[in-house]
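Q: I've got a structure to look at and I'm new to this. Can you walk me through how to read it?

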Amino acid sequence: MYKRIDLDQLIKKAVPIFWENGYRAVSYQELAEGMGISKSFLYNQWGKEQLLLDSIDSYLSENIDPVFHFIEHSKKGVEAIREVYHEVANSNFNDDPCTCMLMNIALELKQELKTLSPVYDQFLKNMRNSYSAALHNTYKAGGIKDINKIPEFVEMLVGLMFGLNLLLHYKQSSELIVYIDSFFDLIE
């Protein structure tokens, strides 16, 4: 009797393996062992590049898209973004290392793996759209005086998120919160 294989669960198992090792350094053997499958099944079912893309898609769907949805639809406006940034700063990097999986992979492979570019570009577009919606809500509530500054604020917030993902490796949560709040004080 054949055992039914849940491909979605296998993909989810690949996410931390790619994050911990990067794309280039991880071998088919390490992926297969970590996913609990044979190397030949991995090779025939996906190939390494397709598994990476499926892993990123799974990660975004499960972890990032709900955050963007929260930010975009929250009545809190810019405060919803601040809450998310505080949550990132307070996350335990060792318990949840996938906080910056897409950013790490993109830095490693953006020029080399052309199939990653549209995924990364869509991620950035979704981030910017959710931030823009939150900032427009803040403008409507009177929290931002000049609507023309919103695109500039969006880019500042995108840069801040990239900075946070790097600083998580080196700074304490309390230091990051001060850093975050000083950025949000600039949004008038």
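Q: Let's start with the overall fold. How many helices and strands does the chain have?
A: Helices (H or I, at least four residues) and strands (E, at least two) are DSSP runs, numbered from the N terminus. Here you get nine helices and zero strands. Going along the sequence, the pattern reads α-α-α-α-α-α-α-α-α. The C-alpha atoms fill a box of roughly 65 × 35 × 30 Å, taken along the principal axes.

Q: What should I know about the model before going on?
A: This is a predicted model, where local features need pLDDT of at least 70 and side-chain atom pairs count only at pLDDT 80 or more, while totals for chains, interfaces and linings use all residues. Residues are numbered from 1 along each chain as its sequence is written, and side-chain values use heavy atoms, with hydrogens and water left out.

Q: How much of the chain counts as buried?
A: Buried means under 20% relative accessible area, exposed means over 50%, and partly exposed is in between (1.4 Å probe, protein chains only). In this chain of 188 residues, 43% count as buried.

Q: Is Met 103 buried or exposed?
A: Met 103 counts as buried, because its relative accessibility is 8%. You'll find Met 103 in helix α6 (residues 101-109).

Q: Which residues is Met 103 in contact with?
A: Contact means heavy atoms within 4.5 Å. Leaving aside neighbours within four places in sequence, Met 103 is in contact with Phe 123, Met 127, Met 161, Phe 162 and Asn 165.

Q: What about contacts across the chain as a whole?
A: Take the contacts with a separation of 6 or more: residues 24 or more positions apart account for 66% of them.

Q: Which residues does Arg 82 touch?
A: Not counting residues up to four places away in sequence, Arg 82 touches Asp 181 and Phe 184. Arg 82 lies in helix α5 (residues 78-90), and with a relative accessible area of 16%, Arg 82 is buried.

Q: Can you show me some partly exposed residues?
A: Gly 142 is in the loop between α7 (116-140) and α8 (150-167). Gly 142 and Glu 188 are 46 residues apart in sequence and 9.5 Å apart in space, C-alpha to C-alpha. Then there's Gln 50 in helix α4 (residues 48-73), partly exposed at 37% relative accessibility. The C-alpha atoms of Gln 50 and Val 154, 104 residues apart along the chain, are separated by 31 Å.

Q: How many aromatic pairs are there?
A: Rings of Phe, Tyr and Trp (its six-membered ring) pair if their centres lie within 6.5 Å; planes under 30 degrees apart count as stacked, over 60 as edge-to-face and the rest as tilted. The count here is eight aromatic pairs. Take Tyr 179 and Phe 183: their ring centres are 5.3 Å apart and their planes are at 65°, so this pair is edge-to-face. Both lie in helix α9 (residues 173-185), four residues apart, about one turn of the helix. Tyr 179 is partly exposed at 31% relative accessible area, and Phe 183 is partly exposed at 22%. Elsewhere, Phe 68, Tyr 120 and Phe 123 form one aromatic cluster.

Q: Which ring does the charged end of Lys 48 sit over?
A: A charge sits over a ring if NZ of Lys or CZ of Arg is within 6 Å of the ring centre and within 35 degrees of the ring normal. The charged end of Lys 48 sits over the ring of Tyr 23, 4.8 Å from its centre.
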